[in-house]
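Subject: Structure handover

Hello,

Here is the structure I said I would pass on. My notes on it follow below.

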Amino acid sequence: MRLLDFLFFIDKYNKHQFDIPFEKQAAYMLSLGTPKDDIDRSYKQFLCQEFFSPWWVRSIWFFTSCFAILAVMVILLWKGRKAKFMSHVNTIAEDKGMNEIIPIELSSKYDISHKEWNNGSLLSVADLRYIGSRYFRLYQPYFVFKAIMQIAAYSARITKYQPERIITHAEFSFCSSLLTDYCHHRGVKLINVQHGEKLLYIRDAFFRFDECYVWDEHYVKMLIRLKAEPTQFKVAVPPSLKIDTTAYQNQSCYADYKYYLAADNENEIKSIVESMSFAKRKGKSVKYRIHPRYTDLNVLRKYVSESEIEIPSEVNILDSISNLEYAVGSFTTVLVQAYLSGKKVLLNDVTFKKRFDQLKDYGYILAKDDVERLSQKQ
C-alpha cells in the first residue's frame, strides 16, 4: 500500500468539519486556554485537529513518531552538513496554487519567486539547538515530528536563498505559528494568504503569521473567533476573485445557469440535474462544470448531454464565471468568485438541504438573505 493510500484509509475513520457541531468544537477549543507563545499556539492547534481523530488513529501517529524522530533528525543533519548559500532571493512563495491568490498589495511590492520552494530539507546544528530549546518538553511525539519536518524544509529555503520573507497558504497547518517563530529566529518574515473558502472549523484555530491576507472582513471576524492572533489580518481581494468580467466575454461558453460540481455521487448528480430542470422549462441554457479531480464524467454523461458539460481544461475559470447569469452550487470558492465579480449566485438547498442548514451554522459567507436559493426556483 502506498503512503497516500494509507493516509486516505486512515482519514476515513476521522470525523470531519460537519460531523461535529461547531458549538461542541468551540467548547473544546476554549477549554485549551490562552496560548503562552507561538509554540503553544501551534500545540493548541494540533490538539484541536486531534479532536477529530479516534484514539487508535492518534496512537498510530504517536508510536510511529516515537521511532521516526531520531532517524529523521540524523538523516536531515547529515543532509545539512554541506548546505551553503546559493543566491539571494527577495521573497519566496509556495509554488502550487499561489499565483491566482496573491493580492496586488504583495505582488506589486515584492519580487516574488516560486521556483525555490521545493528545495529539499535539511537541519543544521543551530536548528537542533533551536528545536531542543522549544519542542522537547511534554509535547506529543507526532507534534515534534511534524515540527522537525517543517523546520527542515524552511531551513533549506532560508539557508540556500536567505529570503527577507516567505509567503505561504498554510493557516490550516498546526505548524504555522511555530514556523513564524522559527522564521523570526532566522531573520525572515512569514506571510500567509487565504487560499480557499473558510468556515468556522477549529482545524484553523490559534494560528499566527506576521501578516495574514484574507478576502473579506467576514473572514477576519471568523478567524479571530477561532482564536487566531487578531493583529495579523489584512483584507485584500486577489484579482482572480474579483474578475473584470467584461474582459472575458466568450459567447461559445455562455450559459444562463452554470452548476459548479464538486465531489458529488450519482444520487446527488441525479438530484442536481432534476432540480436544474426549472431553467430549461423557462427556455434558459444550463451547463455543468466538472471538478477536475472529483467529478465522475461517466456518471454525469448519463444525465446530461455532452454540450451541457464544461471541462476546466477547455474553459478557464475566468471565462467560465464571466459568461453566465447565475453561478449555482453548494459550497465552493467559485461561488464566492462569482459573487465578488458581480454575478448572481444560487445556492443548492434542494440536494443539500441539511448541508445548507449547516453552512449557516458554520458561518458560510454566502449563506445570507440576499443570496438566492435553488428551492425558490422550483
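A residue is called buried here when its relative accessible area is under 20%. The coordinates come from a predicted model.

By that cut-off, helix H8 (residues 176-185) is mostly covered, with 8 of its 10 residues buried. The buried ones are Ser176, Ser177, Leu178, Leu179, Thr180, Asp181, Tyr182 and Cys183. After H8 comes glycine 187, which has a positive phi, near 75°.

Leu178 also turns up in the largest nonpolar core, which has 85 residues. Leu178 is among the members that touch the most others, as are Tyr135, Phe143, Ile148, Ile151, Tyr364 and Leu366. The biggest contribution to this core, 11 residues, is from helix H7 (residues 141-161). For phenylalanine 143, contacts beyond four places in sequence are Ile39, Ser42, Tyr43, Phe46, Tyr135, Phe174 and Leu178. There is also a second, separate core of 22 residues, with Leu261, Ile272, Val273 and Val299 among them.

Then the sheet. Six strands form an open sheet with parallel pairing, in the order S9-S8-S7-S10-S11-S12. Strand S9 (309-310) and strand S12 (372-373) are at the edges, each pairing on one side only. Within the sheet, strand S10 (residues 324-329) runs parallel to strand S11 (residues 344-347), and 4 bridges join the pair. Valine 328 sits opposite leucine 346 of S11.

Regards

Conventions:
Residues numbered from 1 in each chain as written. Predicted model: local features only at pLDDT ≥ 70, side-chain atom pairs only at ≥ 80, totals over all residues. Heavy atoms only, no water. Pairing = 2+ DSSP bridges. Helix = DSSP H or I, 4+ residues; strand = E, 2+ residues; numbered from the N terminus. Core = buried A, V, L, I, M, F, W, Y, C linked by side-chain atoms within 4.5 Å. Buried < 20%, exposed > 50% of the residue type's maximum accessible area, 1.4 Å probe, protein only. Contact = heavy atoms within 4.5 Å.
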